[in-house]
Amino acid sequence: MAYNNKERQFWTERLSGKGRLGADPKLITNSNSSISIAVARVAASSRTNDRNGDPQDRTTWRNLKFFGYTADQVMDNLKKGSYITVSYTHLRAHETRED
């Protein structure tokens with residue numbers, strides 16, 4: 001079945017979080033580009049109450065990538081256990097097709 005009419009929708013998500021690095025950031029070398037890329041894992045903890053009212057701790061791990069100048073700053077200034085705040089915007093696209 002062929003689709004003749006395509007429509008693409010875009011939206012942005014603004015996300016932010018705080019946490020501590022689980023390990024020292026690592027520098028990824030890219031032979032095709034001269035841009036620095038740093039990779040880090042961040043643990044964010046939250047505390048909620050369960051149905052019985054008992055406190056429950058939850059840890060969420062996030063993988064982050066930093067590029068260019070930001071990657072250089074991460075490598076120079078952050079180490080395992082460093083507390084960081086990250087804020088970013090993510091562009092998403094969705095394509096719809098009509099018959």
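Reply: The following account goes from the chain as a whole to its core and then to one serine beside it in the discussion.

This is a predicted model, in which local features need pLDDT of at least 70 and side-chain atom pairs count only at pLDDT 80 or more, while totals for chains, interfaces and linings use all residues. Residues are numbered from 1 along each chain as its sequence is written, and side-chain values use heavy atoms, with hydrogens and water left out.

The protein chain holds 1 helix and 5 strands, in the sequence order β-β-β-β-α-β. Helices (H or I, at least four residues) and strands (E, at least two) are DSSP runs, numbered from the N terminus. Of the 99 residues in the protein chain, 15% are buried; buried means under 20% relative accessible area, exposed over 50%, and partly exposed in between, with a 1.4 Å probe and protein chains only.

Strand β3 takes part in two pairings, where pairing requires that DSSP finds at least two bridges between the strands. With β2 (residues 26–28), β3 pairs in the antiparallel sense over 3 bridges, and isoleucine 28 stands opposite isoleucine 37 of β3. With β4, β3 also runs antiparallel, joined by 13 bridges; here valine 42 stands opposite arginine 62 in β4. The strands β3 and β4 form a hairpin with 5 residues between them, and glycine 53 in the turn has a positive phi of about 90°.

The largest nonpolar core has 10 residues, among them Leu21, Ala40, Val42 and Ile84. Such a core is a set of buried Ala, Val, Leu, Ile, Met, Phe, Trp, Tyr and Cys residues joined through side-chain atoms within 4.5 Å. Two or more of its residues come from each of β3 (37–49), β4 (55–67), α1 (68–77) and β5 (83–98), and β3 gives the largest share, 3 residues.

Serine 82 lies in the loop between α1 and β5 and is buried, with a relative accessible area of 15%. Beyond four places in sequence, serine 82 touches Gly19, Arg20 and Leu21. A polar atom of the serine 82 side chain lies 2.8 Å from the backbone oxygen of lysine 79.

Notes
A polar contact is a pair of N or O atoms within 3.5 Å; within protein, one must be able to donate a hydrogen and the other to accept it, and residues adjacent in sequence count only if both atoms are side-chain atoms. Contact means heavy atoms within 4.5 Å.
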